[in-house]
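Subject: Structure handover

Hi,

Here is the structure I promised to pass on. Please open it and keep it beside this email while you read.

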Number of protein chains: 2
Amino acid sequence: MEELNPSLRLLMGPGPSNVSYRVLRAMSTPLLGHLDPQFMAIMDEVCQMLRELFQTQNRMTFPVSGTGSAGLEAALVNLLEPGDTAVVCVHGVFGQRLSEVARRAGASVVNVEAPWGQPIDVQELIETLKKHPQAKLCAIVQAETSTGVLQPLKELGAFMRGGETLLVVDAVTSLGGVPVEVDAWGIDVCYSGTQKCLSVPPGLAPITFSPKALEAVNRRRTKVQSWYLDVTLLQKYWGSERVYHHTAPISMIYALREGLRIIHEEGLEARFARHRQLSERLAQGLAGLGFGFFAQEGHRLPPLTSVYPPREDLVEPLRKKLLSEHGIEVGGGLGAYAGKIWRIGLMGETCQPQNVAILLDALGREL
Amino acid sequence: MEELNPSLRLLMGPGPSNVSYRVLRAMSTPLLGHLDPQFMAIMDEVCQMLRELFQTQNRMTFPVSGTGSAGLEAALVNLLEPGDTAVVCVHGVFGQRLSEVARRAGASVVNVEAPWGQPIDVQELIETLKKHPQAKLCAIVQAETSTGVLQPLKELGAFMRGGETLLVVDAVTSLGGVPVEVDAWGIDVCYSGTQKCLSVPPGLAPITFSPKALEAVNRRRTKVQSWYLDVTLLQKYWGSERVYHHTAPISMIYALREGLRIIHEEGLEARFARHRQLSERLAQGLAGLGFGFFAQEGHRLPPLTSVYPPREDLVEPLRKKLLSEHGIEVGGGLGAYAGKIWRIGLMGETCQPQNVAILLDALGREL
């Protein structure tokens, strides 16, 4: 078998995004052991930078040793026990996934739905929450990767603040690309993935638990169904006790540390502005080429633009040609929108003016 | 925050082991997307090399997107449902972990125990299995990382072959260092970790499911409690359908591919002989320095030597000094053996004559 020699790709799909040479270089650093005092200092640095990114003071803020979907599962299985009620917002694949994982955790699930491409109606959601005051949690996707919709959260958080129900937010495609203000918005558990706007390879899921969420975990009548994702055990390793739980993915933590360092050098406001401005530039260019927009205007997610290509018969052939002849990856639609839409990512390192130009140039030549 | 600049370590603990520059270099390769046809070819190559390593024809052989403990959990939660009986062998921390995870999956657990440092008595285990012919599975650790004991499996596999009960084997610290013959020994589910004898950073858990194990999964009355680890969904991504499940940890898969390439260049027999011969050399040197052996003679695990240092008051101070002054990491004891024993790894890349010499020289100077 030959040495690894993949083609270079411009990753403009729904993730992974392009990764900085600095992150790739950090990943190739020789390893420390997972209980080495030097590694523990690195863990603390990563947790502190994650707190700044999530805009939270939550002590229990750390990367789960799995991809974003492991973060989703960690959020739900730590909070839910058989018999609990979970209100879950479904307006795309990741809402469906939240609903499915909540059911597998034994919860009675109340779905609040919106058509794909539209945000959840917050007033309708609040009415549902009023009907289920005993619900253990309300889970909602801030950035639906399947539709490119950005869900407003402030009003929801303000309504839920002070109540018993915990607010769980999926920030997989938003964290590092648009504001995610965990403390200010009253979010109790928020998780993300590394391969989107953080531009770190997939493999870790940053997550944060509020003190209120941890109290709920501590009041459980049953053990967390997943030993691997059990935050009561994980906090003994990521916290001050440093009790061995599982072997941390050292090289991925190195990568995340460097990715976070890059984000903090740029600054959150500048980073959010970059995503906003370049997504507007991309949208203008796409509109000029005859693309239509899938996500409802006013709720479009800067890091991920979902579009109808000008001709439906070209949707999949042109997407494949972009990859094979131009080395550009854009994402296809999921579920009922497979073969109908594209999802174009401008996340983290990928979100650069030259990449917008490269894509628009390639599309101009092909159309 | 400064650029990452950890001290160089000689990793002679219970894992992670040292990683080849070839693997580190592969990890720093720019990323493909997780649905890119080139990445799918890489996935197929990794699965095929894993089959050769596990010595199996099992189609469903792939790396779980988590560390070895995620592999353990994947093995059990896919097979067990509430009400099932699981016979679990406990002769160290990882047998305890199997027992705990089986209980969290709702199983009624029958433990078969042996003192730490000794193997499970296979005749006693077989008698227990005869009393529980309806047991869904029997789980056993081949290489107890907490004790350094190598568990014989052939006789157990021969007894279980043709029965209903599935044989689950933890090969975290054995795969790639000592023979693990999944098909010949009649193992139904076998999992490992990348950071031991494969000398790939922690973060993936190679696993294999026999057709009989997959049939048992397909006969479940309830869904697998973990969506993230559900092999019925994972086989649609790792198999020919290529249905998106979660975003694969691309860079870790690159690392695993290179680690497996190195193993296959060396050849399994040569690799096993290297681990056997150098662990004997290490043991002779340690005996000469006054170390005693913890694991029962005849059942010592070549990749991991567990020892009593010559003076108990030196156990932890000397271990810390080896790290801080010599850059050598050896592992401490777990549970009741914390502060009493050391666990010295000679796994994969770490298992080289010069490393044995470096450790013995440092110990000779310090004692």
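In this predicted model, 23 residues of domain 1 of chain A are in contact with 24 residues of domain 2 of chain A. Two elements give two or more residues each to the domain 1 side: helix 11 (268-288) and strand 12 (304-308) of chain A. Sort the residues of that side by class and you get 11 nonpolar, eight polar and four charged.

Where do the domains run? The assignment of chain A gives domain 1 as 10-15 + 267-366. Domain 2 is 21-264. The C-alpha centres of these two domains of chain A lie 26 Å apart.

Now the contact between the chains. Here 57 residues of chain A are in contact with 57 residues of chain B. On the chain A side, the elements that give two or more residues are helix 1 (21-27), helix 2 (37-54), helix 3 (68-79), helix 4 (93-104) and helix 10 (250-266). Which of them gives the largest share? It is helix 10 of chain A, with seven residues. By class, this side of chain A has 24 nonpolar, 21 polar and 12 charged residues.

Next, chain A as a whole. It has 13 helices and 14 strands. Its C-alpha trace spans about 60 × 55 × 40 Å along the principal axes. Why call chain A a compact globule? A compact globule of 367 residues would have a radius of gyration near 21 Å, and chain A has 20 Å, so the two agree. Of the 367 residues of chain A, 57% count as buried. Look also at contacts in chain A with a separation of 6 or more: 72% of them join residues 24 or more positions apart.

Then find the sheet in chain A. Seven strands form it, in the order 2-10-9-8-5-3-4. The sheet is open and its pairing is mixed. Strand 2 (60-64) and strand 4 (108-113) of chain A are the edges, and each pairs on one side only. From one strand to the next, the twist averages 15°.

Strand 5 (residues 137-141) and strand 8 (residues 166-170) of chain A run parallel, joined by five bridges. A:Val141 stands opposite A:Asp170 in strand 8 of chain A.

Two helices of chain A come next. Helix 4 of chain A packs on the sheet and touches strand 3 (85-90), strand 4, strand 5 and strand 8 of chain A. Its direction makes about 165° with that of strand 3 of chain A. Helix 2 of chain A lies across strand 2, strand 9 (189-191) and strand 10 (205-209) of chain A. It runs at about 105° to strand 2 of chain A.

Last stop: chain B. Is strand 13 (residues 328-332) of chain B mostly covered or mostly open? It is mostly covered, with four of its five residues buried. Strand 13 of chain B runs parallel to strand 1 (residues 10-12) of chain B, and three bridges join them. There, B:Met12 has B:Val330 as its bridge partner. Strand 13 of chain B also pairs with strand 14 (residues 342-345) of chain B, this time in the antiparallel sense over two bridges. B:Gly332 stands opposite B:Trp342 in strand 14 of chain B.

Best wishes

Note on methods
Residues are numbered from 1 along each chain as its sequence is written. Chains are lettered from A and ligands numbered from 1 in the order in which they are written. This is a predicted model: local features need pLDDT of at least 70, side-chain atom pairs count only at pLDDT 80 or more; totals for chains, interfaces and linings use all residues. Two residues are in contact if their C-beta atoms, placed from the backbone, lie within 7 Å. Ala, Val, Leu, Ile, Met, Phe, Trp, Tyr, Cys and Pro count as nonpolar, Asp, Glu, Lys and Arg as charged, and the others, Gly among them, as polar. Domain bounds come from an automatic or database domain assignment. The radius of gyration is taken over C-alpha atoms; the globule rule is 2.2 Å times the number of residues to the power 0.38. A residue is buried if 20 or more other C-beta atoms lie within 10 Å of its own, exposed if 12 or fewer, and partly exposed in between; C-beta atoms are placed from the backbone. Two strands pair if DSSP finds at least two bridges between them. Axes are lines fitted to C-alpha atoms, for helices over the stretch in contact, and angles run from 0 to 180 degrees between N-to-C directions.
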